[in-house]
Amino acid sequence: MIHTEINGVSLPVLGFGTYHLRGPEGVRAIRHALDIGYRYVDTAARYENEEEVGQAIAESGLDRDRLFLATKLRYTDLEPASIEQKVQEGLKRLRVDHVDLLMPHWPSPEIPVAPIMEAFAKVRDKGYARHIGVSNFPTRHMREAIAAFDGPLFANQVEYHPFLRQSAVLEQLRAHGILLTAAVPLARGAIDAEPVLHELAAAHGKTTAQITLRWLIQQPGVTAIPKSGQAERIRQNFEIFDFALSDDEMARIDALQGDRRLVDTHWAPEWDAVS
Ligand SMILES: NC(=O)c1ccc[n+]([C@@H]2O[C@H](COP(=O)([O-])OP(=O)(O)OC[C@H]3O[C@@H](n4cnc5c(N)ncnc54)[C@H](OP(=O)(O)O)[C@@H]3O)[C@@H](O)[C@H]2O)c1
């Protein structure tokens, strides 16, 4: 189960997150991920590393068609009239003529969802992005996006890990055939303090990170984008396709979920209640 399919498009269930990977070390880490076999890379204008991602892809010598590349526009760059230009600037930094997935990083606190999604559809129609998704959209914003967007939306990238329940978001996305991309899938390392994950790790001869990533990608319609800057962990996080969690084991991790949200900001929308 290395790939999943959505709206007839096949993509890897596991991607490589690149937040904080900058400079020569960042290029090295992204290169390493590509060399190991990651074929899905997630970046964003805000990470200020699109150039590093572009350099790593160029150095890897990989055929562009074999890579699923995702980026996001800053929430402050969502003025509909200038979205196309912001996208072009990102493509230039990435050294590609299109991305596979383009998203607004957050809903804009000022501009309504509909005109933004209409501008994203135009960018897709011009060939700059194969698919359009969103990020950090609670169900209310997602409803508006689905209504306004011309065509199927591809994914909603939201924080999702063993300590944050996302039932409302997941239910909505599944009903519309839209992927959930799990950002912050390792809860930034906090998973390693959880005894249940250690127990399951020991039972499978895996690490708590591998158990967590397996739990995510075994859920229908969920993909995950863990980040690491360390070669050994980049490899470890990719080695999750040689075992499976039972239904009981999945349920034990489900039962850990609560309302521990790690990414919150002053521009964040009102989140769905955790139920
Ligand atoms: N849309 C959004 O608003 C949003 C928000 C946050 C993140 N994201 C995306 O999601 C990606 C992942 O999120 P994240 O980077 O915030 O957090 P994360 O992937 O949950 O965790 C990364 C942290 O865990 C450590 N780590 C990685 N692999 C490990 C392992 N096998 N064992 C123990 N620790 C490990 C990393 O340290 P080392 O690097 O030292 O290994 C790093 O400190 C980001 O890179 C970004 O692409 C999106």
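**View 1. Surroundings of Q166 in the predicted model.** Q166 touches V158, E159, Y160 and R261, leaving out residues up to four places away in sequence; contact means heavy atoms within 4.5 Å. Q166 is found in the loop between strand 9 and helix 6. Helices (H or I, at least four residues) and strands (E, at least two) are DSSP runs, numbered from the N terminus. With a relative accessible area of 7%, Q166 is buried; buried means under 20% relative accessible area, exposed over 50%, partly exposed in between (1.4 Å probe, protein chains only). The side chain of Q166 reaches the backbone oxygen of E159 at 2.7 Å. This is a predicted model, in which local features need pLDDT of at least 70 and side-chain atom pairs count only at pLDDT 80 or more, while totals for chains, interfaces and linings use all residues. Residues are numbered from 1 along each chain as its sequence is written, and side-chain values use heavy atoms, with hydrogens and water left out.

**View 2. H161 and its contacts.** H161 lies in the loop between strand 9 and helix 6 (167–175). Its relative accessibility is 0%, so H161 counts as buried. A polar contact of 2.8 Å joins the side chain of H161 to the side chain of E159. A polar contact is a pair of N or O atoms within 3.5 Å; within protein, one must be able to donate a hydrogen and the other to accept it, and residues adjacent in sequence count only if both atoms are side-chain atoms. Not counting residues up to four places away in sequence, H161 touches V184, P185, A187, W215, Q257, R260 and L262.

**View 3. The open sheet of strands 8-9-10-11.** In this sheet, 4 strands pair in parallel in the order 8-9-10-11; two strands pair if DSSP finds at least two bridges between them. Strand 8 (134–135) and strand 11 (222–224) stand at the edges with a single partner strand each, so one side of each has no neighbour in the sheet. Strand 9 (residues 155–159) and strand 10 (residues 179–183) run parallel and are joined by 5 bridges. N156 stands opposite L180 in strand 10. Helix 8 (residues 208–217) packs on the sheet and touches strand 10 and strand 11; its direction makes about 150° with that of strand 11. Axes are lines fitted to C-alpha atoms, for helices over the stretch in contact, and angles run from 0 to 180 degrees between N-to-C directions.

**View 4. L180 and the nonpolar cores.** The largest nonpolar core has 80 residues, of which M117 and L180 touch the most other members. Such a core is a set of buried Ala, Val, Leu, Ile, Met, Phe, Trp, Tyr and Cys residues joined through side-chain atoms within 4.5 Å. Helix 4 (residues 113–125) gives the most to this core, with 7 residues. Apart from this core lies another, of 12 residues, among them A70, L101, M103 and L179.

**View 5. The ligand site.** The ligand is surrounded by 27 residues, the closest being D42, R188, K227, S228 and Q230; a residue is near a molecule or strand if one of its heavy atoms lies within 4 Å of it. An oxygen atom of the ligand is 3.3 Å from an N or O atom in the side chain of H105.
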